[in-house]
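Here is a friendly note for anyone opening this structure for the first time. Have the sequence and the 3D view at hand as you read.

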Amino acid sequence: MLQIEVIGNIGNDAEIKDFSGKKYVAFNVAHSERRKDANGTTVESTTWVSVLWYGDGGGLTPHLKRGAKVFVRGRMALKQYQDKNGHWQTAVNCNASEIQLCDIKGNGNGNAAAAPAAQPENADGMPF
């Protein structure tokens with residue numbers, strides 16, 4: 001099994017969806033890294049991760065908004081596809097087992113909220 005841990009910003013407001021009679025929360029997370037190339041120029045690269053979190057998200061769903069910083073842990077799946085220009089791309093998907101909000105504003109204590117994901121009964125029926 002491949003595991004993934006990502007810290008990044010949510011790219012779109014989370015949506016509650018239904019797949020084969022089971023609810024899940026879907027959103028994308030962008031993880032950016034900066035480094036210097038051989039010429040000393042700063043280069044930034046961003047990796048997008050599609051996240052599925054089984055269940056209704058509990059009390060965290062209202063906070064899973066575009067721009068929010070989150071930590072996501074779960075099972076990773078890679079899929080290759082051809083984009084509209086015919087170039088091969090690789091999609092990074094995560095079936096989340098844990099999500100933590102890293103920057104809840106206004107909670108006064110600086111602690112991040114966390115919640116485990118509900119696990120599907122049959123892992124073979126997962127969309128990723």
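Predicted model: local features only at pLDDT ≥ 70, side-chain atom pairs only at ≥ 80, totals over all residues.

1. The protein chain has an average pLDDT of 84, and 80% of the residues reach at least 70. Among its elements, β1 has the highest mean pLDDT, at 96, while strand β7 (residues 114-116) has the lowest, at 55.

2. **Two stretches to read with care.** Residues 106-112 have a pLDDT below 50, and beyond near neighbours in sequence this stretch has two contacts in the model. Residues 117-125 also fall below 50, but here the model shows 15 contacts beyond near neighbours in sequence.

3. **The hairpin of β2 and β3.** Strand β2 (residues 15-19) runs antiparallel to strand β3 (residues 22-36), and five bridges join them. To find your place in the pairing, look for Ile 16, which stands opposite Val 25 in β3. Two residues lie between the strands of this hairpin, where Ser 20 has a positive phi near 55°.

4. **The hairpin of β5 and β6.** These strands are antiparallel too, with 13 bridges joining β5 to β6. Leu 78 has Val 92 in β6 as its bridge partner. Five residues separate the two strands of the hairpin, and Gly 86 takes a positive phi near 85°.

5. **A parallel neighbour for β6.** Which way do β4 and β6 run relative to each other, parallel or antiparallel? They pair in the parallel sense, over four bridges. One place to check this is Leu 52, whose bridge partner in β6 is Asn 95.

6. **The largest nonpolar core.** This core has 20 residues, and those with the most contacts inside it are Phe 27, Val 51, Leu 64, Val 70, Val 72 and Ile 99. At least two of its residues come from each of β1 (3-10), β3, β4 (42-54), β5 (69-82) and β6 (88-101). The largest share, five residues, is supplied by β6. As a general background, nonpolar side chains in soluble globular proteins tend to be buried together.

7. **Leu 64 up close.** What does Leu 64 touch, leaving aside residues up to four places away in sequence? Its contacts include Phe 27, Val 70 and Ile 99, which are also among the core residues with the most contacts. Leu 64 touches Asn 12, Asp 13 and Trp 53 as well, among others.

8. **A buried glutamate.** Glu 98 lies in strand β6. Why does Glu 98 count as buried? Its relative accessibility is 19%, and the cut-off for buried is under 20%. The side chain of Glu 98 makes a polar contact of 2.5 Å with the side chain of Arg 73. Another polar contact, also given as 2.5 Å, joins the side chains of Glu 98 and Gln 100.

9. **An aromatic pair.** The count comes to one aromatic pair. It is formed by Tyr 24 and Tyr 54, with 5.7 Å from centre to centre and 45° between the planes, a tilted arrangement. Tyr 24 is in strand β3 and Tyr 54 in strand β4, so the pair ties together parts that are 30 residues apart in sequence. Tyr 24 counts as buried at 9% relative accessibility, and Tyr 54 is buried with a relative accessible area of 5%.

Technical notes: Residues numbered from 1 in each chain as written. Heavy atoms only, no water. Pairing = 2+ DSSP bridges. Core = buried A, V, L, I, M, F, W, Y, C linked by side-chain atoms within 4.5 Å. Buried < 20%, exposed > 50% of the residue type's maximum accessible area, 1.4 Å probe, protein only. Contact = heavy atoms within 4.5 Å. pLDDT = per-residue confidence, 0-100. Polar contact = N/O pair within 3.5 Å; in protein donor to acceptor, adjacent residues only side chain to side chain. Phe/Tyr/Trp six-rings, centres within 6.5 Å; stacked < 30°, edge-to-face > 60°.
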